[in-house]
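Work through the exercises below with the sequence and the model open. Each task is followed by its solution.

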Amino acid sequence: MTISVFDLFSIGIGPSSSHTVGPMRAARTFVAGLAEAGVLDRTATVHAELFGSLGATGYGHGSPAAVMLGLEGERPEDVDTETVAPRVAEIRDRHRLRLMGTHEIAFNEDDDLVMHRRKTLPAHPNGMRFAATDAAGTELTSHMYYSVGGGFVVDAETTGELRIVPDTTVVTYPFRTGAELLEHCSAHGLTVSDVMMANELAWRSEPEIRAGLLRIWDVMQACVTSGCSKEGSLPGGLRVPRRAKALYDKLLAEDGDADPLYVMDWISLYALAVNEENASGGRVVTAPTNGAAGIIPAVLHYYMRFVPGADDDGVVRFLLTAGAIGVILKETGSISGAEVGCQGEVGSACAMAAAALAAVLGGTPAQAENAAEIGLEHHLGLTCDPVGGLVQIPCIERNAVGSTKAVHAARIALRGDGTHVVPLDKAIKTMRETGADMSTKYKETARGGLALNVIEC
């Protein structure tokens, strides 16, 4: 399966790539299939079921709203985030929705959208099943999907096995592992971003790649700006206060000369701003997931604001390098909190950001790979235990800490020569095995850890 940097960095909506973005895409795919099969106009009811982690924490992650809007034909990259709440409220009040925005049907959320808190489908914790029936109650079609992390959705055969339709695009420098990536760099005298750029040319021209990545950067900046301007509490019942604006105002009022760690507070601010926007259902870039969406923007903001000589070319190299590490993580590890815990989300984002920063600061491919390994290694075993099933505690602060860890990892790597005992591939293998051993209650089910021990008020 060939993965593009634009698969890993996609513009979407909060609060979760696997629980919001994925279900919206799956629901839209299902109704688009009804239209293609010529049965949309005959459809009288649509029944949706969410299983495993989706059923356990879907309410806190906005999954029901995502499914309803997906059935109405919305895409996460296009949906107007300001209209989500009133549109969902209208569907709930009227008990009706418009499939693909055109064909109106009755829809009672209590009956037609079932959240299975304890049942799972066989192939992945984030499973969904959709079925459409006609006015006589005869099933027209049904389908199963899995949201496998980062907004990626795959469908399933009736056996329940994942059926991934691979992108068979031939790229110049194919790689699945860190070792293969470094081999290409060494054999051809290339940087990590050079390898990724050469591969991206299989889909787009270089100007298109550059423009697309700078568009991603624009959305990241807009997300930080929005997060730094809002006050109040986050939705969901925990009444978690927004902190980014107050911190932003304080940092602007200080000159930082007396505090050698002043810059670190800015990095934390950038991450807090993004993840507060994500928690409130705002526009974010999945990087590589929504739960970890603040880390790469925070480190990239640090580069642009505090590193002399930083420019748009560096932004492009940064995102390409981060994308290359993301490809390896997606191919050989996991970026799904429901599958391996938060080590697969915050750990992966930290690894990607660390490698990217090391690269734009002049590091060699070996140093970039070392930085990625450090970033991932020191998140191994990290659980996903969101309080109340919301992407707020510990997720928001975890992004701030993960961002500063990424900077630290890059600096450690740059002080060495790239040689190290544990290669990135071994750290990813360990992450995958640790996730397999991890109890389900620590994998985005809100049934263990902080989610169990912090009393909701």
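**Exercise 1.** Where does K119 lie?

Solution. K119 is in the loop that joins β5 (113-115) to β6 (127-133). Helices (H or I, at least four residues) and strands (E, at least two) are DSSP runs, numbered from the N terminus. This is a predicted model, in which local features need pLDDT of at least 70, side-chain atom pairs count only at pLDDT 80 or more, and totals for chains, interfaces and linings use all residues. Residues are numbered from 1 along each chain as its sequence is written, and side-chain values use heavy atoms, with hydrogens and water left out.

Next, look for contacts of K119. Contact means heavy atoms within 4.5 Å. Not counting residues up to four places away in sequence, K119 touches F51 and G52. Finally, take L50: L50 and K119 are 69 residues apart along the chain, and their C-alpha atoms are separated by 8.9 Å.

**Exercise 2.** Find the helix that holds S63, and decide whether S63 is buried or exposed.

Solution. S63 belongs to helix α4 (residues 63-71). Buried means under 20% relative accessible area, exposed over 50%, and partly exposed in between (1.4 Å probe, protein chains only). The relative accessibility of S63 is 0%, so S63 counts as buried. Leaving aside neighbours within four places in sequence, its contacts are H19, P23, L50, L54, G58 and M115.

**Exercise 3.** Check the length of helix α16 (residues 365-377), then state which helices its buried residues pack against.

Solution. The expected span of a helix is 1.5 Å times one less than its number of residues. For the 13 residues of α16 this gives 18 Å, and the end C-alpha atoms are 18 Å apart, so the two values agree. Of these 13 residues, 10 are buried, so α16 is largely enclosed by the rest of the structure. Among the buried residues are Q367, A368, I374 and L376. The partners in packing are α7 (178-188), α13 (312-332), α15 (346-360), α17 (395-414) and α18 (424-437).

**Exercise 4.** How many helices and strands does the protein have, and how compact is it?

Solution. There are 19 helices and 10 strands. The radius of gyration is 22 Å, close to the 23 Å that the globule rule gives for 457 residues, so the protein is as compact as a globular protein of that length. That radius is taken over C-alpha atoms, and the rule is 2.2 Å times the number of residues to the power 0.38. Of the 457 residues, 57% count as buried.
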